[in-house]
Amino acid sequence: MRNYKLNKPLAGYHILMILSAVDFKFLPEEDLVIRKFLAQEFPFQINLDDQMEEISRLYPTEWEQHFRKVLEDFYDESTEDERKNFIQFAIELVKADAVVTKEENQYMRILFKEWGISRN
């Protein structure tokens, strides 16, 4: 596990990628949400190969710990409004296939709890 902080856009990318993986399916609709987030955060082309490699090296048993860490990284780099805006991407992502799985719901609960945001 890395011992450095990710900046807000990279932490957001990790969060969304883990959310997309927890149901063990990655659908084109989820990819579109992630691309929309990246277009908002990176107005220029960026190479995310290193980030993807780091995420793909994680075992499913490590996802939650990594998820909590990148939630903290994002939180430290963001305003409350930025977090609320990001949560809309996360909600859109887990709803992209019209089914919110138990695992997706569990991770969304962690997100809301860690950031102190009520789910209403």
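Reader: Which residues does L58 touch, not counting residues up to four places away in sequence?

Author: Contact means heavy atoms within 4.5 Å. By that reading, and leaving out residues up to four places away in sequence, L58 touches W63 and H66. Before we go on: this is a predicted model, where local features need pLDDT of at least 70 and side-chain atom pairs count only at pLDDT 80 or more, while totals for chains, interfaces and linings use all residues. Residues are numbered from 1 along each chain as its sequence is written, and side-chain values use heavy atoms, with hydrogens and water left out.

Reader: Where is L58 found, and is L58 buried or exposed?

Author: L58 is found in the loop between α3 and α4. Helices (H or I, at least four residues) and strands (E, at least two) are DSSP runs, numbered from the N terminus. For burial, take the relative accessible area: buried means under 20%, exposed over 50%, and partly exposed in between (1.4 Å probe, protein chains only). L58 has 15% relative accessibility, so it counts as buried.

Reader: Let me try K36. Which helix holds K36, and what is K36 in contact with, leaving aside its neighbours within four places in sequence?

Author: K36 lies in helix α2. Apart from neighbours within four places in sequence, K36 is in contact with F89 and E92. The C-alpha atoms of K36 and F89 are 8.5 Å apart, although 53 residues separate the two in sequence. K36 has a relative accessible area of 42%, so it is partly exposed.

Reader: How many helices and strands does the protein have?

Author: There are six helices and zero strands, and from the N terminus on the elements run α-α-α-α-α-α. The radius of gyration is taken over C-alpha atoms, and the globule rule is 2.2 Å times the number of residues to the power 0.38. Here the radius is 13 Å, close to the 14 Å that the rule gives for 120 residues, so the protein is as compact as a globular protein of that length. Its C-alpha trace spans about 30 × 30 × 30 Å along the principal axes. Buried residues make up 44% of the 120 residues. Of the contacts with a separation of 6 or more, 81% are between residues 24 or more positions apart.

Reader: Now the rings. How many aromatic pairs are there?

Author: A pair of aromatic rings is described by the distance of the centres and the angle of the planes. Rings of Phe, Tyr and Trp (its six-membered ring) pair if their centres lie within 6.5 Å; planes under 30 degrees apart count as stacked, over 60 as edge-to-face and the rest as tilted. By this rule the count comes to seven aromatic pairs. One of them is F37 with F89, an edge-to-face pair with 5.5 Å from centre to centre and 75 degrees between the planes. F37 lies in helix α2 (residues 28–41) and F89 in helix α5 (residues 80–95), so this pair ties together parts that are 52 residues apart in sequence. F37 and F89 are both buried.

Reader: What about the rings of F74 and W115: how far apart are their centres?

Author: The centres of F74 and W115 are 5.1 Å apart and the planes are at 25 degrees, so the pair is stacked. F74 belongs to helix α4 (residues 60–77) and W115 to helix α6 (residues 102–115), so the pair ties together parts that are 41 residues apart in sequence. Both F74 and W115 are buried. F37, F74, F86, F89 and W115 form one aromatic cluster.

Reader: Which residues other than glycine have a positive phi?

Author: Among them is F24, with phi near 60 degrees. F24 lies in the loop between α1 (8–21) and α2, and its relative accessibility is 60%, so F24 counts as exposed. Another case is A98, with a positive phi of about 70 degrees. A98 is found in the loop between α5 and α6, and at 70% relative accessibility A98 counts as exposed.

Reader: Last one: what pLDDT does the protein average?

Author: pLDDT is the predictor's confidence in each residue, from 0 to 100. The protein averages 91, and 97% of the residues score at least 70. Among the elements, helix α3 (residues 49–56) has the lowest mean pLDDT (89) and α4 the highest (96).
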